[in-house]
Every structure is written in structure tokens, then in C-alpha cells.
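Please read this briefing alongside the sequence and the three-dimensional view. It treats backbone features and the nonpolar core in turn.

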Amino acid sequence: MSRCIVLAIYNLLLPIGFVLAFPSWVLKMRRRGGFGTGLEERLGKYDRADSDEIKGGVYIHAVSVGEVFIALKLIRQWLVKRPDEHFVLVPTTATGHAVARDQAPEGVRVIYSPVDFGFLVRKTMRRFQPKLVVLMESELWPNLLNCCDKMEIPVALANARLSARSERRYSKLKSVVSPIFDMVGHVLVQEERDIKRWESIGMAADRLIHTGSIKFDHTGGGKPKRREAFAEILTAHGGGKAVVMAMSTFAGEEKAIAEALMPLRDEVFFVVVPRHMERRTEVCADLQSVGYTSVLRSSGELVGQGPSCLVVDSTGELRDWTAHADIAIIGKSWIGKGGQNPTEAIAAKVPVIVGPRMDNFEPLVTVLVENGGLLRLETTEAITAAVEGLLQDGEMCKSISLEALQVLTTHDGAVARSILALEECFPTRKK
């Protein structure tokens with residue numbers, strides 16, 4: 001199928017999808033505090049004159065919080081190498097935008113990504129005139145790619161991942177997706193074994209570069225750090241108990257994990273960091289139904305009666321909360337699908353427990369399990385015995401943490417390699 005036909009179909013369906021999704025998007029922005037943060041930028045309206053924008057920088061498209069953290073890690077190290085480089089960091093979600101605004105280095109321009117209508121994308125590209133567009137992980141927007149292609153702006157996909165499930169899906173739609181992938185100049189692949197997957201869906205071998213994972217590279221800084229304020233909260237409410245932290249949990253997981261930990265309530269202080277902070281009321285209700293009193297990080301408010309636990313209902317703090325955990329339990333791996341990132345806990349030398357659904361982090365999780373660097377359980381009921389065993393065996397905790405760190409060293413230097421590969425994508429200056 002030709003690119004023109006694919007784009008025509010996409011642009012026919014896009015307005016319909018936009019209209020259908022708009023009500024839920026408004027509701028989501030309201031819950032996440034997005035209004036009043038510059039959302040009009042999604043429609044091409046900015047708070048400064050076009051002439052005040054710095055042109056010719058690197059435009060980094062990072063949709064949500066996870067991609068923003070990866071982009072920030074890349075930008076910080078890039079600025080160490082080239083302090084005069086200019087960046088435009090472009091999140092899509094309100095939470096991603098908030099993290100970017102709060103943590104971006106000085107001089108980095110943070111804007112919302114334009115809705116992927118051709119006229120809005122063209123307006124944004126003309127405004128910033130980037131010399132390179134970097135897409136983080138897996139975000140391929142057809143009109144953005146088409147606009148860059150027509151304006152001769154090189155595009156690279158950084159920290160790219162392609163699961164077996166995505167490979168199968170793309171293979172079935174190869175005639176549709178190939179024209180889209182053809183507009184990506186280079187793909188920076190996390191795992192060398194994934195190169196064959198990218199080739200199977202039509203990506204040319206000479207466009208694929210194995211760099212390792214920026215997310216898993218902890219040589220460039222950004223490791224979890226203990227914060228005095230966090231320690232005070234845990235001391236006040238946890239009473240010196242071992243901290244078991246459920247990270248990036250999804251609906252239903254908090255209750256299931258809490259039930260598993262209830263028999264250990266005299267030994268364990270339970271900390272929950274939900275993936276979406278606006279679920280705080282739902283999370284507290286679920287925990288109360290099990291018998292917990294919830295302490296909200298945002299207000300210190302107590303919810304319910306019984307053994308207490310802490311609900312971290314804030315954005316952008318997960319990494320440093322991880323440094324205070326004795327055991328980490330990874331969310332979206334029990335009831336959800338795909339799992340969440342276990343490497344922050346590994347970097348903090350915290351033993352990690354995951355559920356059976358960690359597809360988004362394969363083959364890393366399988367390698368970790370094979371090397372004894374992670375506990376993968378089939379059910380939440382098994383958490384009770386696993387946590388009890390870890391609490392009673394300090395040497396096993398140390399062994400799991402050390403083995404996991406050893407596995408992650410294969411990604412050391414991924415940030416530096418990614419920067420070098422991206423600089424090779426810069427357009428050649430005409431003499």
C-alpha cells in the first residue's frame with residue numbers, strides 16, 4: 001500500500017477518533033490537573049512570539065511520564081557533552097508535561113505535543129525548525145513523520161522496543177505500517193536480539209543501531225536517592241518496620257497485594273505508589289476493605305482504621321521513594337498486562353518481585369530470572385511466603401540484588417551510545 005493511501009485513510013479516521021475520544025480526554029485532563037498548564041499548545045497556540053523561539057534544536061517527542069524521564073536522562077547527559085545544544089521536550093500527557101516542566105534543565109523548552117493533524121504539526125515544525133526529531137520508544141505519529149519527511153528533517157526512534165506481540169501485530173499489517181516506518185531514518189534498538197524483529201516488519205538493516213536501553217543504563221547518573229523528607233514520613237507512620245513497596249500499580253492490584261501482606265502486618269509497612277495518582281480515592285477504598293488505614297502522601301490525611309499503609313499520590317517521586325524500600329513489588333504485572341519498570345529498584349539494590357505479566361520488559365525479565373536476579377511469581381497469594389522468606393534471609397536479598405545489577409551492566413553506556421548515534425543523524429551542513 002502506498003504512503004499516500006495510508007495517510008489518506010489515517011487522516012480520514014483521525015477526526016472521527018478525535019471527536020470520540022475528546023470527552024474522555026477532557027475528563028482525564030480534569031482529574032490529572034491538566035487544565036491551566038498550557039493545553040492550548042496542543043492546538044498550536046503558544047505563550048510567546050514565534051520570533052522568541054530558538055530555532056534549529058533537537059525536538060524530543062516523549063508522550064507520558066516514563067518517556068519523559070528517559071528523555072530527561074538523555075538531555076542531561078547530552079548537555080554535559082554539548083552545553084550549547086538546544087532542546088525542545090514535547091510531552092503529550094498532563095502528568096508527563098508536569099514532570100518535564102519541573103525537572104527539565106534550564107533552557108530546555110517544554111511544550112505539549114500538537115494533535116497529529118497535518119496543519120498543526122506543520123505549524124509547530126515551522127515554529128521550531130528542528131535539525132532532528134527524536135521519538136522515544138514506540139511513538140510513531142503518521143502526520144508528524146510525513147511533515148518531517150517533506151521538510152527534510154531527519155527522524156530517529158530512540159530507546160526503541162518491539163515486543164513479540166507487537167511484531168506479530170505489525171507483521172499482519174505490514175503493507176499498512178511499512179510506509180510509516182519508511183519515514184524513520186534510524187532506529188536505536190535496546191536489545192541486539194530485537195534487530196531481527198525490526199527487520200521482519202520491513203525496517204532496513206542499515207537503519208538499525210544497537211545502543212542498549214537508556215532506561216536501564218545507570219552509569220550516567222539518575223539513580224534513586226534517599227530523601228530526608230521521605231524517611232521522616234516512613235518513620236512517623238511505619239514505626240521502623242521493613243518497607244514493602246508496590247510500584248506503579250493498576251486497578252485491583254493494590255487490594256490483592258494488600259491481602260497478601262496482611263498476615264505480615266506486624267513486620268511490614270506497606271507503601272503503595274499507584275500508576276495514576278488520581279485513583280487515590282479508589283485505592284484508599286480498596287485498602288480499607290482489606291483492613292488498612294491509608295496515609296496520603298499529598299496531605300497526610302488518614303483514611304480508614306486498622307494497620308496503616310502509605311499511598312504515594314504524587315507525580316515524579318517514584319524513583320526516590322524506591323530508595324527507601326526493603327522489597328519492591330512491580331505493578332501491572334499481576335492484573336494488568338505488560339508490567340512496569342523494575343530497574344529503578346534494581347539500581348537502588350532492592351530485591352524485586354514481579355507477577356507473571358511482564359511482556360513489556362522482555363527479554364530483560366527472563367534473563368534476570370535465569371540469573372537469580374528477580375523473583376517472578378504466578379499469583380499474588382504467593383507474595384506472602386516470598387516476602388516472609390526475603391525478610392528472614394538477608395543474604396538472599398543481597399544475592400538477588402547483586403545478580404540483578406550484574407545483568408543491567410550490559411546496558412551500561414547506552415545513553416552515551418545513543419547520543420553518538422543521534423548526532424550522526426544531524427543534517428550535513430552545506431558549504
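Predicted model: local features only at pLDDT ≥ 70, side-chain atom pairs only at ≥ 80, totals over all residues.

Helices (H or I, at least four residues) and strands (E, at least two) are DSSP runs, numbered from the N terminus. Residues are numbered from 1 along each chain as its sequence is written.

**A cis peptide bond**
- P363 is located in the loop between β14 (352-354) and α14 (364-370).
- The peptide bond leading from E362 to P363 is cis, and its omega is near 5°.

**Positive phi values**
- In strand β5 (residues 155-160) lies N159, a residue other than glycine whose phi is positive, near 55°.
- N159 counts as buried (under 20% relative accessible area, with exposed over 50% and partly exposed in between; 1.4 Å probe, protein chains only) because its relative accessibility is 0%.
- S248 belongs to strand β8 (residues 242-249), and its phi is also positive, near 55°, in a residue other than glycine.
- S248 counts as buried because its relative accessibility is 8%.

**The largest nonpolar core**
- A nonpolar core is a set of buried Ala, Val, Leu, Ile, Met, Phe, Trp, Tyr and Cys residues joined through side-chain atoms within 4.5 Å.
- The largest such core has 33 residues, and M125, V187 and W198 have the most contacts (heavy atoms within 4.5 Å) inside it.
- Elements that each supply at least two residues of this core include α4 (118-128), β6 (186-189) and α8 (195-200).
- The most is given by α5, with 4 residues.
- Not counting residues up to four places away in sequence, V187 touches L157, A160, W198, M203, R207, L208 and I209.

Definitions and conventions:
Heavy atoms only, no water.
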